[in-house]
Every structure is written in structure tokens, then in C-alpha cells.
Amino acid sequence: MDIAVIGTGYVGLVSGICFAEMGNHVICVDQDINKIAALQNLVSPIYEPGIETFMERNVQAGRLEFSSNLIQAVRHSELIIIAVGTPSLPSGEADLQYIEQAAAEIGRAMSGRKIVATKSTVPVGTNEKIRRIIAQHTEVPFDIVSIPEFLREGSAIQDTLHPDRIVIGLDNRELEAAMVELHSSFTDQIFVTDIRSAEMIKYASNAFLATKISFINEISNICEKVGADVTEVAQGMGKDPRIGPSFLNAGIGYGGSCFPKDTKALIQIAGNVNYEFQLLKSVVEVNKAQRYKVIEKLKESLGQLHDTVIGIWGLSFKPNTDDIREAPSLEIVEALINMGAKLKLYDPVAMGKFRERYDHPSIQWCGNALEASINADAVCLLTDWQEFKEISLSQLIYQMAQPILIDGRNVYAKEQIEGAGLHYYSVGRPEPIAAFRSQVSV
Ligand SMILES: NC(=O)C1=CN([C@@H]2O[C@H](COP(=O)(O)OP(=O)(O)OC[C@H]3O[C@@H](n4cnc5c(N)ncnc54)[C@H](O)[C@@H]3O)[C@@H](O)[C@H]2O)C=CC1
Ligand SMILES: O=C(O)[C@H]1O[C@H](OP(=O)(O)OP(=O)(O)OC[C@H]2O[C@@H](n3ccc(=O)[nH]c3=O)[C@H](O)[C@@H]2O)[C@H](O)[C@@H](O)[C@@H]1O
């Protein structure tokens, strides 16, 4: 099938590459000419493991191209995928300006029957709005389908090539066979439903995952007070298939471009129909507070933070991505700077994007994790990158001013910590302080 994808962010770019990988001809379109120029030179604007190999293979096979000419791309395609951003407005509602603009441009470009599929995460009823906007700009017949995206950053290609399920929302059942056929090369787990339900499935799924995270984080806060170990609790809970083991990792909470925006958007969607989504409001509040646990633990171990030197390991909102959108590190770094701390920052790939967003004379940008720990009074791990798990704790202690490690993602097992001589704080686990106090004076 000839496909045009509008928007080359994570969703548009990865979806486009994967549809090409499955033998379709794809034109990925973006209004950001710098992104298109980079892509035409086979340089990915996003860090995603393996993306450039897939991109190069499909460009060279003539199945994938990049363009800023939306009109031409639409005219050469049967399926038009909308994958533009839907960021948060100050109210928390989804900002649909990019959706509306893309719909109008697609309408103006229509030439012959098309199927328009929305992959962007949009409030319930938005696909009807897209239909109205396109119809204002063309007499040509077309169909609308909702195909929400469930990929995760850092595993986007894997998630797209091997999805748990694909949801297809359509109102014209005559489209079902073609849409199922197009997606059957990815999985046989294809759930066909109506458009509004498909739109809600996406928000409800993200909101539920965020709820699991805030739930285990509140459990971790109680574990600290009752002397239980939240990692053990999560394992025991997860053995129940009704609960499942995933998304029960306690830490400093969720960030990223979607959980924060989609939870707020769903609260607004409910509010717009006079329903107060109390549970989800609590999920958001719990998450907002959780990231400050790191600062509480720093104060607990160091007292006042003015003029202390603190190493920060990890800036991206999760490992294997350079995305810092709504990352806990943004608020934690700014709060520590405002308290007068001197910071040594390191992240394997996200430092460039972070520095564009936030820099300060009190920040030293470091080339590796150990450099960020030299003469540090404490190190705070904010992102669970694999490389942090492999660091020699004895070497770490040797070069720190004080052997204090705040592990915001419970990266280290008890066995690694016991006897290591670190003054170790984590989330929801009893700190064996006594086991270390005899070895270190803090
Ligand atoms: N990032 C993720 O992991 C996931 C995102 N989503 C959803 O997918 C949508 C896109 O997300 P991202 O890829 O992160 O967005 P993004 O914001 O990274 O990229 C969107 C791209 O669309 C382009 N664009 C906007 N209007 C355009 C127009 N009229 N013509 C051509 N290009 C245009 C922008 O220049 C930008 O490059 C959002 O609704 C998001 O909630 C869904 C699942 C996963
Ligand atoms: O709509 C989206 O954009 C996507 O949002 C999430 O994917 P993503 O945000 O890329 O990454 P996740 O792996 O879900 O992690 C999100 C945040 O939750 C945190 N998290 C995750 C899992 C956990 O157990 N605990 C926890 O704190 C991570 O550190 C990260 O900050 C969903 O998992 C995807 O299914 C969805 O498509």
C-alpha cells in the first residue's frame, strides 16, 4: 500500500519505517525542514536503538522517503496517517492545533478516495472533528479510522514490529478487511472497534499504566515506614496474573511526553462531560510529589545542601532515549540549583537536549558517570540506564568526598550494596543504615 505519514516524531518516523519494512511504500512528511533534511541524510532526529539501520535499509530499497511536501505525499498515497503532536494546553487539555492544521492541509491535498488514519493520541470525538475539517476542504470521498499507537520510547521499533495488540477504530465496516490485512503482518492480535472506543482505549491504557506506577510509589512510601521492601512486595504482587509484574517498579515517578499529558487530558475529557476523575487526579498528584523524594533523602543524609557537590546520573525520562520531556530530572536539577548545590550532570545520550532546555553556571557537564562522582558529597541516580548498574561501587566510593548514593530507581540489589561501604538510600526499601554507619562517618 502507498502510505503518507504526517509528522516524523517518534510515532510518525517509527511507524513509517515499520510499514516500509513490511513492504509498503511510505513517504514520511514533516513541516520541520531541518528534520526532513536530517532524515534525507539518514540521520535520525531521535535517539532510538536500531532506528538508523532500519531507516537506511528501507530508503535504499526505495520503500521509504522523506519530504516536506505534504500535498504531493497525500496525492501519491491511499492511506494518510496523522502522527502530529498533541501537547498539553495550560489547562491540561490536549492542544489540537497541529491536528486541525494537518487535517486542513490533507483536505486541500485530497485527489481521489483516501483513508485517513489518526495515530496521534486525541480526545474522544476528535476523529469526527478531523472528518469535518477535511470535508470543508474537499468534495472527494474519504474515510476516517482511529489507529492509536502504543509504542514505548527506547523500544519503539520492537514494540511496533511485535505489538501486543493493534486497535483499529472504524465506523465504516467495509474498511475492516483492508485495515486488518495491512496490519496482519505485524500481529494477529487486531482488535476492531468503533472510533470513539478506540480513542478512549488509548487514554484509558496510559492512565491505567500511570495509575499502577503511582500506586506502587505510594506503597513504597508506606514500605519505608513499616520496614518492608517494595521490590519484594512488587514481586509478590506480580505473581498474581490479575495484577501482573510490569509497571510495579517504584522510583521517582513517571515522566515522558505522554503519561503526564495524557493523564491531564483524560481528567479534562471527563471534566468536559461533568465527571470528576478523582482517582486520576490523585495519580497525578502522587507522581508530582514522588520526584522530590530524592531531595528529601539528600537533606536527610547531608543536612543543608548549599555549596554541596552532587553528582546526577541520568537526565532522560527513561533509559534508551534522549527524550527529556517532563523528565523528573528537570525539576530535581532546578530545585537543587535553587538550594545552592553545585551539580555534576551525566547522561549517556540526553545531555545535549537537557542543556538546550536548562543550563546554569553551577552545572558541570561530565563525560561519564564516574567523572560526575569525583569529589561529590552525594550521587543521585535518576534514570535506570544499564551502564549505571555495572559501575564498580568500590571505585565510586574511592573518589567521592562522601560515600552517599541516592538510588531513585532502585537499580542496585541488596547483595550489591551490603558491605559496599556506601551510605545508600533507595525508594521503598529499608535503608540498612546501621550496616553502614559503623563503616562510614557521614
Ligand atoms: N512519543 C511516543 O512515545 C508516543 C506518542 N504518541 C502520540 O503520538 C503523537 C505524536 O507523538 P510524537 O511522535 O512524540 O510527537 P512529536 O511532537 O515528537 O512529533 C510530531 C511531529 O509532527 C510534526 N508536525 C506537526 N504538524 C505538522 C503538519 N501540519 N505537517 C507536517 N508535520 C507536522 C512536527 O514538526 C513534529 O516533528 C502524539 O499525539 C502522542 O501523544 C503515542 C504513542 C507513543
Ligand atoms: O503514549 C505514549 O507515549 C506511550 O507512553 C508510554 O511509553 P513511554 O512513556 O515511552 O515509556 P514507559 O516505559 O511507559 O515509561 C514511562 C515512565 O514511567 C516510568 N516508569 C515505568 C514503569 C514503572 O514500573 N515505573 C516507572 O516509574 C518510566 O521511568 C518513565 O518515566 C506507554 O508505556 C506506551 O504504551 C505509550 O504508547
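The shell around ligand 2 comprises 9 nonpolar, 4 polar and 6 charged residues, where Ala, Val, Leu, Ile, Met, Phe, Trp, Tyr, Cys and Pro count as nonpolar, Asp, Glu, Lys and Arg as charged, and the others, Gly among them, as polar. The shell around ligand 1 divides into 9 nonpolar, 10 polar and 9 charged residues. This is a predicted model, in which local features need pLDDT of at least 70 and side-chain atom pairs count only at pLDDT 80 or more, while totals for chains, interfaces and linings use all residues. Residues are numbered from 1 along each chain as its sequence is written, chains are lettered from A and ligands numbered from 1 in the order in which they are written, and side-chain values use heavy atoms, with hydrogens and water left out.

**Ligand 2**

- The shell of ligand 2 holds 19 residues, and the closest are Leu151, Glu153, Lys202, Cys258 and Phe317; a residue is near a molecule or strand if one of its heavy atoms lies within 4 Å of it.
- Helix H9 (residues 195-226) gives the most to this shell, with 3 residues; helices (H or I, at least four residues) and strands (E, at least two) are DSSP runs, numbered from the N terminus.
- A polar backbone atom of Leu151 is 2.7 Å from an oxygen atom of ligand 2. Such a polar contact is a pair of N or O atoms within 3.5 Å; within protein, one must be able to donate a hydrogen and the other to accept it, and residues adjacent in sequence count only if both atoms are side-chain atoms.
- A backbone N or O atom of Phe317 lies 2.8 Å from an oxygen atom of ligand 2, and a polar backbone atom of Asn249 is 3.0 Å from an oxygen atom of the ligand.
- Taken alone, ligand 2 exposes 700 Å², of which the protein buries 90%; accessible areas come from the Shrake-Rupley method with a 1.4 Å probe, and for residues only the protein chains shown count as cover.

**Ligand 1**

- Ligand 1 has 28 residues around it, of which Asp30, Lys35, Thr86, Glu153 and Lys261 come nearest.
- Domain 1 (2-193) and domain 2 (202-288) both contribute residues to the shell, so ligand 1 lies between them; the domain bounds come from an automatic or database domain assignment.
- Helix H1 (10-21) and helix H5 (97-109) each supply at least two residues of the shell, and the largest share, 4 residues, comes from H5.
- Two side chains place polar atoms by ligand 1: Thr86 has one 2.7 Å from an oxygen atom, and Glu153 has one 2.9 Å from a nitrogen atom.
- The backbone also takes part, with an N or O atom of Gln31 lying 3.2 Å from a nitrogen atom of ligand 1.
- On its own, ligand 1 has 840 Å² of accessible area, and the protein covers 90% of it.

**Aromatic pairs**

- The whole structure contains 8 aromatic pairs; rings of Phe, Tyr and Trp (its six-membered ring) pair if their centres lie within 6.5 Å, and planes under 30 degrees apart count as stacked, over 60 as edge-to-face and the rest as tilted.
- The ring centres of Tyr254 and Phe259 are 5.7 Å apart and their planes stand at 90°, so the pair is edge-to-face.
- Tyr254 counts as buried at 5% relative accessibility, and Phe259 counts as buried at 14%; buried means under 20% relative accessible area, exposed over 50% and partly exposed in between (1.4 Å probe, protein chains only).
- The rings of Tyr346 and Phe388 have their centres 6.1 Å apart and their planes at 70°, so this pair is edge-to-face.
- Tyr346 lies in strand S10 (residues 342-346) and Phe388 in helix H16 (residues 386-389), so the pair ties together parts that are 42 residues apart in sequence. Both Tyr346 and Phe388 are buried.
- Phe247, Tyr254 and Phe259 form one aromatic cluster.

**Buried polar residues in helices**

- Ser220, found in helix H9, counts as buried at 0% relative accessibility. A polar contact of 3.4 Å joins the side chains of Ser220 and Asn221.
- Asn127 lies in helix H6 (residues 126-137) and counts as buried at 1% relative accessibility.

**Backbone with positive phi**

- Most residues other than glycine have a negative phi.
- Asp307, which is not a glycine, has a positive phi of about 65° and is found in the loop between helix H13 (293-302) and strand S9 (309-313).
- Asn410 has a positive phi near 45° and is placed in the loop between strand S13 (404-407) and helix H18 (414-417). Asn410 is buried, with a relative accessible area of 13%.
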